[in-house]
Amino acid sequence: MPKTSARLLSLLSLLQARRDWPGQALAERLEVSPRTVRRDVDRLRELGYPIVAFKGPDGGYRLDAGARLPPLLFDDDQAVALAVALRTAAATGAGIGEAAARALTTVRQVMPDRLRHRLDALRITAVERTPGPPGPQADPRVLMALSAAVHAGEVLRFDHSPAHAPRTDETGGSAARPRRVEPHHLVTWGGRWYLVGWDLDRADWRTFRVDRIAPRTPTGPRFTPREVPGGDVAAFVAARFRGSDGPDGWPCRGEVILGLPASEVSGYLRDGVVEELGPDRCRLVLGTWSWAGVAAAVARFDADFEIVGPDEFRDAVADLARRCARAAEQSGDTPQGG
């Protein structure tokens with residue numbers, strides 16, 4: 001049997017791992033009797049941990065939420081995972097970079113030496129998915145307010161500033177537009193936060209940038225949640241950002257026979273399908289937000305290809321060829337500086 005102190009730490013770790021633990025299951029995991037588990041639970045209560053007992057056929061224990069935060073227990077992997085998450089928090093766009101840095105300092109101070117050395121050896125640089133200056137950060141208080149409304153299923157009333165618009169109009173008043181929305185999901189995309197919801201006034205699904213939202217209080221009545229089109233919020237949001245009216249595909253999709261092995265093409269595809277036709281040929285179907293974009297995506301493979309269709313794609317390839325030829329001719333006529 002392990003020493004009492006080690007057993008208490010193991011018991012606390014188990015109680016933190018899931019909500020309810022049957023007493024017999026705890027005894028089996030700790031390799032002790034149910035009576036010993038009861039005594040250890042009493043010792044943890046004396047240390048300030050709010051552990052409640054529940055009755056029933058599988059009666060057991062639960063680590064409840066308390067009025068004060070007792071010492072937390074993390075195993076080695078959890079501690080390192082927490083440190084990594086805190087170091088990359090600034091790239092989430094949630095406006096919590098400074099708070100995460102302070103939390104990391106606090107966690108590091110209470111780590112044992114062996115974990116502190118592992119943490120100090122980590123060198124992590126979180127990079128935004130898109131280049132350029134950092135985008136607007138979402139207000140953590142707004143995120144919490146939106147999340148609470150999503151969880152409670154309550155209609156949100158908020159002002160939403162349109163894209164590329166000043167915060168005030170010509171008269172000096174607010175340029176934000178009032179909205180009434182049934183909130184369904186908070187999602188992050190490309191370092192920014194968005195609210196996905198059913199716009200009651202427009203009777204349609206909408207995505208709203210969180211950094212442009214100013215919630216109004218109080219919230220509205222409760223609502224019965226609708227199903228996001230397609231049933232998959234991730235697919236729905238991805239489709240909206242690429243310009244599709246639905247979750248099933250890009251608005252422009254072309255097909256070619258490409259003079260490359262399928263194995264060389266598949267590693268560079270994000271939104272496409274490749275089919276092997278031979279050792280040096282494959283069928284490629286891919287899409288994007290414009291026909292010019294499809295043409296450029298195929299041209300980047302630097303290989304001969306045959307267009308299968310559609311005609312809009314064929315026209316876009318011809319336009320791209322003319323632009324490239326014209327640019328090459330113009331660059332050849334430009335005098336070179338000495």
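Predicted model: local features only at pLDDT ≥ 70, side-chain atom pairs only at ≥ 80, totals over all residues.
Contact here means heavy atoms within 4.5 Å of each other.

**Around phenylalanine 313**

Leaving aside neighbours within four places in sequence, phenylalanine 313 touches Gly254, Glu255, Val256, Trp291, Val294, Ala295, Val298 and Ile307. Phe313 also belongs to the largest nonpolar core, a group of 20 residues, and is listed with Leu258, Val265, Leu284, Leu286 and Phe301 as having the most contacts inside that core. Which elements give two or more residues to this core? They are the strands β9 (252–258) and β11 (281–288), together with the helices α9 (262–266), α10 (291–299) and α11 (311–333). Of these, α10 gives the most, with 4 residues. Apart from this core lies another one, made of 16 residues, including Leu12, Leu26, Val37 and Tyr61.

| Helix pair | Axis angle | Axis distance |
|---|---|---|
| α1 with α2 (residues 23–30) | roughly 130° | within 11 Å |
| α1 with α3 (residues 34–46) | about 85° | 10 Å |

Angles from 65 to 115 degrees count as roughly perpendicular, so α1 is roughly perpendicular to α3. By contrast, α1 and α2 are oblique to each other, and α1 passes α2 in a right-handed crossing.

Which residues bring α1 and α2 together? On the α1 side they are Arg7, Ser10, Leu11, Leu14 and Leu15, and they meet Leu26, Arg29 and Leu30 of α2. Sorted by class, this contact holds 5 nonpolar, 1 polar and 2 charged residues.

Towards α3, helix α1 uses Thr4, Arg7, Leu8, Leu11, Leu12 and Leu15, which meet Thr36, Asp40, Val41, Arg43 and Leu44. The class count for the α1 and α3 contact is 6 nonpolar, 2 polar and 3 charged residues.

**A stop at alanine 101**

Our last stop is alanine 101, which lies in helix α5 (residues 97–110). Is alanine 101 buried, exposed or partly exposed? Its relative accessibility is 43%; since buried means under 20% and exposed over 50%, alanine 101 counts as partly exposed. Leucine 86 is 15 residues away from alanine 101 along the chain, yet their C-alpha atoms are separated by 6.8 Å.

Definitions and conventions. Residues numbered from 1 in each chain as written. Heavy atoms only, no water. Core = buried A, V, L, I, M, F, W, Y, C linked by side-chain atoms within 4.5 Å. Buried < 20%, exposed > 50% of the residue type's maximum accessible area, 1.4 Å probe, protein only. Axes fitted to C-alpha atoms, helices over the stretch in contact; angles between N-to-C directions. Parallel < 35°, antiparallel > 145°, perpendicular 65-115°, else oblique. Left-handed = near helix turned anticlockwise from the far one by under 90°. Nonpolar A, V, L, I, M, F, W, Y, C, P; charged D, E, K, R; others polar.
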